[in-house]
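Here's a quick briefing to read with the structure open beside you.

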Amino acid sequence: MANSNTDQYLKNNKLYASGEEVHKPAYPGKQPIQPSRHVAVVACMDARLDVEDLLGLQTGEAHIIRNAGGVVTDDAIRCLIISHHLLNTNEIILIHHTRCGMLAFTDDLLKAGLEGDPAAEKLLGQATGRKFMNTGKASSSPVAFHAFRGQIQPLDSPRDARSMERLEWDVRRGMSTIMNHPWIPTSGPDAVTVRGFIYDVDTGKLEEVMYPGPMGSIG
(Lines give C-alpha, C1' and ligand atoms only; values in the text may rest on other atoms or scores of the structure.)
Protein backbone atom coordinates (compact mmCIF):
# COMPACT_ATOMS: atom_id res chain seq x y z
CA MET A 1 0.00 0.00 0.00
CA ALA A 2 1.33 3.41 -1.06
CA ASN A 3 1.59 5.02 2.39
CA SER A 4 2.00 1.93 4.54
CA ASN A 5 5.49 2.83 5.75
CA THR A 6 4.69 6.47 6.45
CA ASP A 7 1.64 5.40 8.45
CA GLN A 8 3.76 2.97 10.46
CA TYR A 9 6.27 5.72 11.23
CA LEU A 10 3.41 7.90 12.50
CA LYS A 11 2.44 5.08 14.87
CA ASN A 12 6.08 4.86 15.94
CA ASN A 13 6.07 8.60 16.62
CA LYS A 14 3.17 8.24 19.03
CA LEU A 15 5.18 5.67 20.97
CA TYR A 16 8.24 7.96 20.93
CA ALA A 17 6.24 10.95 22.18
CA SER A 18 4.93 8.81 25.04
CA GLY A 19 8.47 7.94 26.10
CA GLU A 20 9.00 4.57 24.41
CA GLU A 21 12.15 3.72 22.48
CA VAL A 22 11.54 2.40 18.98
CA HIS A 23 14.82 3.03 17.17
CA LYS A 24 17.46 0.37 17.88
CA PRO A 25 20.94 1.95 17.88
CA ALA A 26 22.97 -1.26 17.72
CA TYR A 27 24.84 -2.08 14.52
CA PRO A 28 22.49 -4.36 12.55
CA GLY A 29 25.03 -6.09 10.35
CA LYS A 30 25.33 -6.06 6.59
CA GLN A 31 22.62 -4.09 4.78
CA PRO A 32 21.64 -3.68 1.10
CA ILE A 33 22.24 -0.29 -0.56
CA GLN A 34 18.53 0.31 -1.25
CA PRO A 35 16.53 1.56 1.76
CA SER A 36 14.51 -1.45 2.90
CA ARG A 37 11.36 0.59 3.58
CA HIS A 38 11.67 2.60 0.33
CA VAL A 39 11.37 5.89 2.24
CA ALA A 40 13.19 9.22 1.91
CA VAL A 41 12.95 11.87 4.64
CA VAL A 42 13.72 15.58 4.23
CA ALA A 43 14.12 17.23 7.65
CA CYS A 44 15.67 20.20 9.43
CA MET A 45 19.19 20.02 10.85
CA ASP A 46 17.98 21.26 14.27
CA ALA A 47 19.75 19.49 17.13
CA ARG A 48 16.43 18.75 18.86
CA LEU A 49 15.33 16.46 16.02
CA ASP A 50 16.63 12.93 16.07
CA VAL A 51 14.93 11.69 12.93
CA GLU A 52 15.68 8.01 13.55
CA ASP A 53 14.22 8.20 17.05
CA LEU A 54 11.14 10.32 16.35
CA LEU A 55 10.09 8.09 13.43
CA GLY A 56 11.37 4.85 14.88
CA LEU A 57 13.58 4.30 11.86
CA GLN A 58 15.99 1.38 11.87
CA THR A 59 19.37 1.46 10.14
CA GLY A 60 18.96 0.69 6.45
CA GLU A 61 15.28 1.63 6.18
CA ALA A 62 15.35 5.17 4.77
CA HIS A 63 17.38 7.98 3.25
CA ILE A 64 17.59 11.04 5.50
CA ILE A 65 18.30 14.42 3.88
CA ARG A 66 18.85 17.32 6.29
CA ASN A 67 19.50 21.03 5.97
CA ALA A 68 18.59 24.27 7.74
CA GLY A 69 14.80 24.28 7.83
CA GLY A 70 14.24 21.00 6.02
CA VAL A 71 13.86 23.14 2.91
CA VAL A 72 13.34 21.53 -0.49
CA THR A 73 16.36 23.11 -2.16
CA ASP A 74 17.96 22.17 -5.49
CA ASP A 75 20.28 19.84 -3.59
CA ALA A 76 17.38 18.18 -1.78
CA ILE A 77 15.67 17.64 -5.15
CA ARG A 78 18.92 16.20 -6.51
CA CYS A 79 19.02 13.74 -3.61
CA LEU A 80 15.37 12.77 -4.00
CA ILE A 81 15.74 12.10 -7.72
CA ILE A 82 18.73 9.82 -7.06
CA SER A 83 16.93 8.24 -4.09
CA HIS A 84 13.87 7.38 -6.17
CA HIS A 85 15.19 6.53 -9.61
CA LEU A 86 18.40 4.75 -8.63
CA LEU A 87 17.68 3.45 -5.13
CA ASN A 88 13.99 2.60 -5.33
CA THR A 89 12.35 4.85 -2.72
CA ASN A 90 8.68 5.67 -3.25
CA GLU A 91 7.52 7.48 -0.09
CA ILE A 92 8.79 10.97 0.75
CA ILE A 93 8.32 12.47 4.23
CA LEU A 94 8.94 16.20 4.73
CA ILE A 95 9.47 17.38 8.34
CA HIS A 96 9.56 20.96 9.68
CA HIS A 97 9.35 21.78 13.39
CA THR A 98 8.23 24.32 15.96
CA ARG A 99 10.64 26.95 17.34
CA CYS A 100 12.61 26.82 14.07
CA GLY A 101 15.43 29.30 13.55
CA MET A 102 14.25 29.88 9.97
CA LEU A 103 11.37 31.91 11.45
CA ALA A 104 13.76 34.49 12.94
CA PHE A 105 15.18 36.23 9.86
CA THR A 106 14.73 37.04 6.20
CA ASP A 107 17.25 36.38 3.45
CA ASP A 108 17.83 40.09 2.84
CA LEU A 109 18.24 40.80 6.56
CA LEU A 110 20.89 38.09 7.03
CA LYS A 111 22.79 39.11 3.91
CA ALA A 112 22.78 42.77 4.98
CA GLY A 113 23.97 41.83 8.46
CA LEU A 114 26.80 39.72 7.12
CA GLU A 115 27.87 42.55 4.84
CA GLY A 116 27.98 45.00 7.75
CA ASP A 117 24.71 46.93 7.81
CA PRO A 118 24.37 48.24 11.40
CA ALA A 119 20.55 48.17 11.42
CA ALA A 120 20.51 44.58 10.23
CA GLU A 121 23.15 43.61 12.81
CA LYS A 122 21.01 45.10 15.56
CA LEU A 123 17.85 43.29 14.45
CA LEU A 124 19.66 39.97 14.11
CA GLY A 125 21.22 40.41 17.54
CA GLN A 126 17.80 41.07 19.03
CA ALA A 127 16.31 38.05 17.27
CA THR A 128 19.06 35.62 18.28
CA GLY A 129 19.99 36.93 21.72
CA ARG A 130 23.70 37.06 20.85
CA LYS A 131 25.95 39.73 19.40
CA PHE A 132 25.83 39.41 15.63
CA MET A 133 29.29 39.67 14.08
CA ASN A 134 29.44 40.88 10.49
CA THR A 135 32.10 39.82 7.99
CA GLY A 136 32.22 43.11 6.12
CA LYS A 137 32.19 41.19 2.85
CA ALA A 138 29.64 40.48 0.14
CA SER A 139 29.24 37.12 -1.56
CA SER A 140 27.16 35.65 -4.36
CA SER A 141 27.02 32.31 -2.55
CA PRO A 142 24.74 30.98 -1.20
CA VAL A 143 22.18 32.44 -3.59
CA ALA A 144 19.47 32.04 -0.95
CA PHE A 145 19.14 31.11 2.73
CA HIS A 146 15.48 30.05 2.24
CA ALA A 147 14.13 31.81 5.33
CA PHE A 148 10.43 31.11 5.84
CA ARG A 149 7.86 33.58 4.56
CA GLY A 150 6.06 35.96 6.88
CA GLN A 151 6.87 38.45 9.62
CA ILE A 152 9.97 37.42 11.57
CA GLN A 153 9.81 36.33 15.20
CA PRO A 154 12.47 36.07 17.95
CA LEU A 155 14.63 32.97 17.78
CA ASP A 156 13.13 29.92 19.54
CA SER A 157 9.79 31.60 20.17
CA PRO A 158 7.11 29.34 21.67
CA ARG A 159 4.57 27.87 19.32
CA ASP A 160 1.69 30.16 18.38
CA ALA A 161 -0.84 30.47 15.56
CA ARG A 162 1.37 32.74 13.48
CA SER A 163 4.45 30.53 13.62
CA MET A 164 2.39 27.42 12.86
CA GLU A 165 0.89 29.14 9.84
CA ARG A 166 4.35 30.07 8.56
CA LEU A 167 5.60 26.53 9.08
CA GLU A 168 2.60 25.09 7.26
CA TRP A 169 3.20 27.49 4.37
CA ASP A 170 6.74 26.26 3.93
CA VAL A 171 5.85 22.59 4.26
CA ARG A 172 3.29 23.04 1.47
CA ARG A 173 5.81 24.92 -0.65
CA GLY A 174 8.23 22.03 -0.22
CA MET A 175 5.57 19.48 -1.06
CA SER A 176 4.57 21.46 -4.14
CA THR A 177 8.18 21.72 -5.29
CA ILE A 178 8.60 17.95 -5.04
CA MET A 179 5.25 17.00 -6.51
CA ASN A 180 5.56 19.32 -9.50
CA HIS A 181 9.13 18.42 -10.43
CA PRO A 182 9.19 16.76 -13.87
CA TRP A 183 11.62 14.07 -12.71
CA ILE A 184 9.69 13.01 -9.62
CA PRO A 185 6.57 11.10 -10.73
CA THR A 186 3.43 11.30 -8.59
CA SER A 187 1.20 9.20 -10.84
CA GLY A 188 1.56 6.03 -12.84
CA PRO A 189 3.39 2.79 -12.03
CA ASP A 190 6.52 4.56 -10.72
CA ALA A 191 4.72 7.12 -8.56
CA VAL A 192 5.96 8.42 -5.22
CA THR A 193 3.81 9.70 -2.36
CA VAL A 194 4.67 12.95 -0.57
CA ARG A 195 3.44 13.86 2.91
CA GLY A 196 4.43 16.78 5.11
CA PHE A 197 4.56 17.22 8.88
CA ILE A 198 5.43 19.65 11.66
CA TYR A 199 7.29 18.17 14.62
CA ASP A 200 6.60 19.83 17.97
CA VAL A 201 9.93 19.99 19.81
CA ASP A 202 8.12 20.47 23.12
CA THR A 203 5.89 17.37 22.86
CA GLY A 204 7.73 15.02 20.49
CA LYS A 205 4.64 14.71 18.30
CA LEU A 206 4.26 14.96 14.53
CA GLU A 207 1.28 16.84 13.07
CA GLU A 208 0.36 16.38 9.42
CA VAL A 209 0.03 19.37 7.09
CA MET A 210 -2.77 19.10 4.56
CA TYR A 211 -1.99 19.77 0.90
CA PRO A 212 -2.93 21.69 -1.15
CA GLY A 213 -3.45 24.89 0.81
CA PRO A 214 -2.02 28.40 1.41
CA MET A 215 1.70 28.81 0.71
CA GLY A 216 2.31 32.20 2.22
CA SER A 217 2.74 35.92 2.10
CA ILE A 218 5.95 37.94 2.26
CA GLY A 219 4.36 40.38 4.70
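One term before we start: a polar contact here is a pair of N or O atoms within 3.5 Å, and within protein one of them must be able to donate a hydrogen and the other to accept it. Keep in mind that this is a predicted model.

- As a reminder, strands of a sheet pair through backbone hydrogen bonds, in either a parallel or an antiparallel way.
- E1 (residues 39-44) runs parallel to E2, and six bridges join the two.
- To find that pairing on screen, look for valine 42, whose bridge partner in E2 is isoleucine 65, or for valine 39, which stands opposite alanine 62 in E2.
- E1 also pairs with E3, again in the parallel sense, this time over five bridges.

**Two residues of H1**

- Asparagine 5 sits in helix H1. Is asparagine 5 buried or exposed? Its relative accessibility is 12%, and the cut-off for buried is under 20%, so asparagine 5 counts as buried.
- Here's where that polar contact comes in: a polar atom of the asparagine 5 side chain lies 2.9 Å from the backbone oxygen of arginine 37.
- Setting aside neighbours within four places in sequence, asparagine 5 is in contact with Arg37, Val39 and Glu91.
- Threonine 6 is in helix H1 too, and at 2% relative accessibility threonine 6 counts as buried.
- Not counting residues up to four places away in sequence, threonine 6 touches Glu91, Ile93, Arg195 and Phe197.

**The largest pocket and Phe148**

- The largest pocket has a volume of about 360 Å³.
- The pocket is lined by 17 residues, and those closest to its centre are His146, Ala147, Phe148, Arg149 and Arg173.
- Helix H4 (107-115) and H6 each supply at least two residues of the lining. Which helix gives the most? That's H6, with four residues.
- Phenylalanine 148 is found in the loop between H5 and H6, and its relative accessible area of 3% makes it buried.
- Leaving out residues up to four places away in sequence, phenylalanine 148 touches Gly69, Val71, His96, Cys100, Met102, Leu103, Arg166, Leu167 and Asp170.
- From phenylalanine 148 to aspartate 160 is 12 residues in sequence and 15 Å in space, C-alpha to C-alpha.

- The peptide bond from serine 141 to proline 142 is cis, with omega near 0°. You'll find proline 142 in the loop between helix H5 (118-128) and H6.
- Another cis peptide bond runs from tyrosine 211 to proline 212, with omega near 5°. Proline 212 belongs to the segment after E5.
- Asparagine 88 isn't a glycine, yet has a positive phi of about 70°. Look for asparagine 88 in the loop between helix H3 (74-85) and E3; at 45% relative accessibility, asparagine 88 counts as partly exposed.
- Arginine 99 isn't a glycine either, but has a positive phi of about 60°. The place to look for arginine 99 is the loop between E3 and H4.

Terms used: Residues numbered from 1 in each chain as written. Predicted model: local features only at pLDDT ≥ 70, side-chain atom pairs only at ≥ 80, totals over all residues. Heavy atoms only, no water. Pairing = 2+ DSSP bridges. Buried < 20%, exposed > 50% of the residue type's maximum accessible area, 1.4 Å probe, protein only. Contact = heavy atoms within 4.5 Å. 1 Å grid on protein atoms, 1.4 Å probe; cavity = no way out; pocket = protein on both sides within 12 Å on 5 of 7 lines; lining within 4 Å. Points joined across faces, edges and corners; volume = space filled by probe spheres on them.
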